[in-house]
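Please open the structure in your viewer and keep the selection tool at hand.

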Amino acid sequence: MDRIRIVGGNQLNGVIPISGAKNAALPLMIASLLTDDTLTLENVPHLADVEQLIRILGNHGVDISVNGRRERQGESYARTIHFTCRNIVDTTAPYELVSKMRASFWVIGPLLAREGKARVSLPGGCAIGTRPVDLFIEGLQALSANIEIDGGYVNATAPEGGLVGARYTFPKVSVGATHVLMMAATLANGTTVLGNAAREPEVVDLANCLNAMGAKITGQGTATITIEGVRSLSGARHRVLPDRIETGTYAMAVAMTGGDVILEDTDMALLDTALEAIRRAGAEITETNSGIRVVRNGAGIKPVDIVTDPFPGFPTDLQAQFMGLMTMAKGTSHITETIFENRFMHVQELARLGAKISLSGQTAKIEGVSRLKGAPVMATDLRASVSLVIAGLAAEGETMVSRVYHLDRGFERLEEKLTRCGAHVERVSD
Ligand code: UD1
């Protein structure tokens, strides 16, 4: 199994190209199930989760062709992928496939909307909390679907004549349930109004793509999304938006090590709250023609308290990385996690590097230390694993991160991007 070896102590200087967003690419790919025409997605990142979803979609009858295209002298692998689902050949998403990645559960929306039935295994994914699917079920029932859970599967059927538009207000903000309800409602009879919907940029990206396919969606990016059902959708060409989590992660890495890096092909507006926290920690962040410049010279890292929240709040997917940054702050900071109840698994691994962190309920107290020391550590989930990389970049000596398949799920060519900026990071295959 691959491991990542980091020798800490180097500043980061140079350019890091930001990939297309994993969390936008996945629902966009799933939207291809809604039409018998071709959906072409540009800027699709090359990640284990994307490859896994390609297998899942293939199982439902999606024909997929990839035009690999090297961009920026091999630094980034933005791919254009064509998805064509002339016929849905199977409305079952089996446990063996769905258990590997939670987002694959989302096929339930398009399958139900287009075929009137779906049998989808209850999901797996990162072990960061219980992550139930009650909101998906309640929402689809509001659109008149009949749902039964049997033997670990969700069996959903639409009434004769298809799903029926309705008003549904989520009791809790859910990105995935918003994606699914929005996709299902595009082909429903009548109008659907989703209240307390997720406002994440990836939801907006999906809505924009669905509209390019002929859907009638308004209000995306606000808490109320209105979807007027249409008879059918057509193909479209759509560019996946930049990965705000990857952007924030590298910005925090620079804040941690010091240095001067341009994050290319990304957009400050996607992560205002996180960038503001990094600024308060002592980095300078400015907009450039091609993206964002992050600089930290001289002065140390200042402690900053954060609380995770749905967009536009501080993203839970950057919480672990920010904790990595705070381990070396000059003072004490507090990080409160409000989205997932078990998202502090990185704490004990950061402690192995010498971090001083104590937990009280959903809040971590981080007492900054003046030095971290490299050690063997274990990646426990996707975002936790990259917080160990950030800490390792600043730690003295060697940090060896095992179970890097977690990293490969969400970070494209991480070691290459960091090495080009002067870090000592290499992949070691056993
Ligand atoms: C998505 C992101 C993930 C991010 C998360 C929150 C993708 C592929 N994944 O995950 O990286 O961390 O948003 O920004 O885009 N919940 C329920 N019942 C449900 C559904 C969700 O209680 O039916 C809860 C979850 O357990 C969690 C909260 O709602 O506590 C938010 O989860 P949700 O927004 O649905 O996360 P995902 O869409 O799975």
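Select Arg119 and Tyr153 in this predicted model. The charged end of Arg119 is placed over the ring of Tyr153, at 4.1 Å from the centre of that ring.

**Aromatic pairs**

Next, turn to the aromatic rings. Across the whole structure, a search finds 3 aromatic pairs. Select Phe105 and Phe136, which form one of them. Their ring centres are 5.3 Å apart and their planes stand at 90 degrees; because planes over 60 degrees apart count as edge-to-face, the pair of Phe105 and Phe136 is edge-to-face. Where in the chain do Phe105 and Phe136 lie? Phe105 belongs to the loop between α3 (95-98) and α4 (108-115), whereas Phe136 is in helix α5 (residues 134-142), so the pair ties together parts that are 31 residues apart in sequence. Are Phe105 and Phe136 buried or exposed? Both are buried.

Now select Tyr168 and Phe170. These two residues also form an edge-to-face aromatic pair, with 5.1 Å from centre to centre and 85 degrees between the planes. Tyr168 and Phe170 are both buried.

**The ligand and its surroundings**

Select the ligand, and then display the residues around it. There are 19 of them, and those that come nearest are Asp134, Ser174, Val175, Asp317 and Ile339. By kind, the shell around the ligand consists of 9 nonpolar, 4 polar and 6 charged residues.

Which helices each supply at least two residues of this shell? They are α5 and α6 (175-186). Helix α5 gives the most, with 3 residues.

- Select Lys172: here a polar side-chain atom lies 3.3 Å from an oxygen atom of the ligand.
- Select Gly176: a polar backbone atom of this residue is 2.8 Å from an oxygen atom of the ligand.

How much of the ligand does the protein bury? Taken alone, the ligand exposes 740 Å², and the protein buries 91% of that area.

**Helix α1**

For the last stop, select helix α1, residues 22-31. This helix is mostly covered, since 9 of its 10 residues are buried. Among the buried residues of α1 are Lys22, Leu26, Pro27, Met29 and Ile30.

Definitions and conventions. Residues are numbered from 1 along each chain as its sequence is written. This is a predicted model: local features need pLDDT of at least 70, side-chain atom pairs count only at pLDDT 80 or more; totals for chains, interfaces and linings use all residues. Side-chain values use heavy atoms; hydrogens and water are left out. Rings of Phe, Tyr and Trp (its six-membered ring) pair if their centres lie within 6.5 Å; planes under 30 degrees apart count as stacked, over 60 as edge-to-face and the rest as tilted. Helices (H or I, at least four residues) and strands (E, at least two) are DSSP runs, numbered from the N terminus. Buried means under 20% relative accessible area, exposed over 50%, partly exposed in between (1.4 Å probe, protein chains only). A charge sits over a ring if NZ of Lys or CZ of Arg is within 6 Å of the ring centre and within 35 degrees of the ring normal. A residue is near a molecule or strand if one of its heavy atoms lies within 4 Å of it. A polar contact is a pair of N or O atoms within 3.5 Å; within protein, one must be able to donate a hydrogen and the other to accept it, and residues adjacent in sequence count only if both atoms are side-chain atoms. Accessible areas come from the Shrake-Rupley method with a 1.4 Å probe; for residues, only the protein chains shown count as cover. Ala, Val, Leu, Ile, Met, Phe, Trp, Tyr, Cys and Pro count as nonpolar, Asp, Glu, Lys and Arg as charged, and the others, Gly among them, as polar.
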